[in-house]
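Please read it alongside the sequence and structure.

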Amino acid sequence: MTRPPGSRPTVSAAGLALRYRGTRAVDDVTLRLTEGVTGLLGPNGAGKTTLLRILATATPPDNGAFTVLGHDPSTVRGRQDARGALGYLPQNPGFHPDFTAFEFIDYVAILKELTDRRTRHAEARRVLDAVGLADVRGKRIRKLSGGMRQRVALAAALVGDPKFLVLDEPTVGLDPEQRMRFRELIAEAGEGRTVLLSTHQTEDVAMLCHRVVVMDKGRVRFDGTAAELTAVADGRVWSSAERQPGARAGWRTGTGEFRNVGDPPAGARLVDPTLEDGYLLALGGDTPAEVAA
Amino acid sequence: MSWHADDGDLREYAHGVLAAPRLWSVETHLAACADCRAALTAHVPAAETDAGWARLDAELDAPRPGPVESLLIRVGVADHTARLLAATPVLRRSWLGAVVLTLLLAVGVGLAASPLMLLATAPLLPLVGVAVSFGPGLDPTYEMAVVAPTHTFRLLMIRTVAVLSTTTVLSGLASLTLPSYGLAALGWLLPALALTSTGVALTARLGPVLAPALVGAGWTALVALSGLLASGTPLPFTAEGQGAAAAVAVVATALLVTARDRFDSGRRLGPSFRSL
């Protein structure tokens with residue numbers, strides 16, 4: 001169980017914008033993150049990864065400013081300090097495949113400027129233990145399963161005990177059991193840290209996050225708690241025997257009935273909304289094609 | 001065993017405060033006496049025993065440096081720098097294989113006709129090697145490295161040294177196969193330094209793709225033109241050309257040092273950096 005999140009902002013961003021290949025990948029994003037796990041939800045191409053790369057200092061914004069744990073990454077000193085205080089798990093983490101898990105973490109620890117050999121090795125053992133990979137630390141990464149590799153990447157992000165953790169879709173490609181295990185790890189990582197978790201799975205948000213930010217087309221569409229996101233769909237979800245042309249999204253459920261989200265017609269059979277319904281409505285006018293039935 | 005260590009001595013030994021010469025006596029005795037070793041165990045704090053096991057465990061599964069890394073450590077390079085050097089992305093079999101193949105082809109032409117192919121090709125190898133080290137193309141850990149607190153310039157220099165050293169050794173070996181040309185077969189060395197330092201220095205302004213591409217194209221054009229225009233040794237491989245290459249290497253290195261902060265400025269390096 002995560003402890004109640006802090007209310008003091010640890011990461012603040014105002015007016016962040018970045019154009020990428022002619023489009024506004026991030027468009028006037030203002031955020032204040034606090035301790036605990038914040039979920040960043042959005043469809044593919046919403047700008048989640050670009051925003052995460054900005055906050056992780058991998059790429060500077062065209063406009064806007066942000067601070068990470070009080071450090072201003074627009075200055076050389078501030079950026080170095082911010083980088084020393086953050087851990088980043090990219091969307092497609094790469095590895096030197098011939099390294100063992102221990103060697104890879106050791107390499108990452110060197111990049112994080114842990115130069116003392118004994119301290120570095122103790123840290124490698126600590127983070128590999130934390131993600132449950134103590135028994136395979138001597139195994140070559142190319143021989144590890146996808147789930148284990150993802151845990152190695154999380155261990156790499158945890159090196160140096162960062163207080164701000166940026167996780168870009170870490171549960172993609174994992175089977176249900178691995179996903180549950182990973183959620184436990186993220187929940188543990190959120191103890192005493194600020195974690196920004198990008199995902200397009202509402203289950204991740206429902207299980208892990210004290211707060212959720214919905215992005216689409218580079219802009220923030222919603223910022224609040226999971227319960228508040230669910231409440232967005234109060235009175236706007238109904239079931240019907242036939243497809244409802246006026247619904248913003250509709251799909252046939254296991255019962256054979258259609259579940260519709262949008263503005264219900266008079267006399268519609270309203271049903272309890274879920275987080276996913278709220279998410280679909282928060283996205284605004286465009287219905288994600290994969291959801292529409 | 002006719003005698004056993006004094007209990008007080010064992011306690012002091014366990015806490016690391018027993019002084020010589022009693023220390024030597026107890027230590028020698030402990031090596032031969034199982035009873036005293038057992039008695040010593042009772043005096044050793046449990047936390048210290050656990051820490052000792054942890055240290056032993058850590059040593060047992062600590063990474064074993066490879067031959068290159070071991071050699072670097074033996075000649076005095078810090079172990080963390082040696083690891084960064086050995087982990088340079090392009091120093092993999094595929095890249096080294098391509099370098100060796102290129103040099104073999106160049107040497108083949110050299111044995112048949114003149115060393116010009118080797119002299120023209122060898123300087124391009126470190127230029128390309130450094131260029132591809134500085135980006136996501138060959139570095140699988142690029143995303144993690146780019147947000148690490150290690151200065152980008154330092155990482156770039158480490159990788160440049162690793163690539164330059166490797167290609168210099170390989171090109172040097174290739175030159176040994178052309179003994180009839182004497183020192184002229186080493187005419188690639190100064191141009192290699194000049195091209196690499198110029199490429200890296202321009203990267204600060206033009207980015208990691210455009211800068212080495214321009215430098216490589218310029219070099220190729222220079223060699224081709226001077227080969228066409230001069231009947232003897234092409235200009236870059238004459239004494240004057242070698243002197244010019246040395247001067248360019250020095251100037252480019254000086255420019256690189258003055259521009260080093262640009263690599264850590266957080267701004268994009270040149271027009272192509274956005275796609276990295």
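1. In this predicted model, strand β8 (residues 211–216) of chain A is joined by five bridges to strand β9 (residues 219–224) of chain A, and the two run antiparallel. Strands are DSSP runs of E of at least two residues, numbered from the N terminus, and two strands pair if DSSP finds at least two bridges between them. Within this pair, Val213(A) lies opposite Asp223(A) of β9(A). The two strands make a hairpin with two residues between them, and Lys217(A) in the turn has a positive phi of about 50°.

2. β8(A) also pairs with strand β3 (residues 36–41) of chain A, here in the parallel sense over four bridges. Leu41(A) stands opposite Val214(A) in β8(A).

3. Six of the six residues of β8(A) are buried, so the strand is largely enclosed by the rest of the structure; buried means under 20% relative accessible area (1.4 Å probe, protein chains only). In a regular strand, side chains alternate between the two faces of the sheet. On one side of β8(A) the buried residues are Arg211(A), Val213(A) and Met215(A), and on the other Val212(A), Val214(A) and Asp216(A).

4. A further antiparallel pairing, over eight bridges, links strand β1 (residues 9–20) and strand β2 (residues 23–34) of chain A. Leu16(A) is placed opposite Val29(A) in β2(A). The hairpin of β1(A) and β2(A) has two residues between the strands, and Arg21(A) adopts a positive phi near 50° there.

5. On conventions, residues are numbered from 1 along each chain as its sequence is written, and chains are lettered from A in the order in which they are written. Local features need pLDDT of at least 70, and side-chain values use heavy atoms, leaving out hydrogens and water.

Key
Predicted model: local features only at pLDDT ≥ 70, side-chain atom pairs only at ≥ 80, totals over all residues. Buried < 20%, exposed > 50% of the residue type's maximum accessible area, 1.4 Å probe, protein only.
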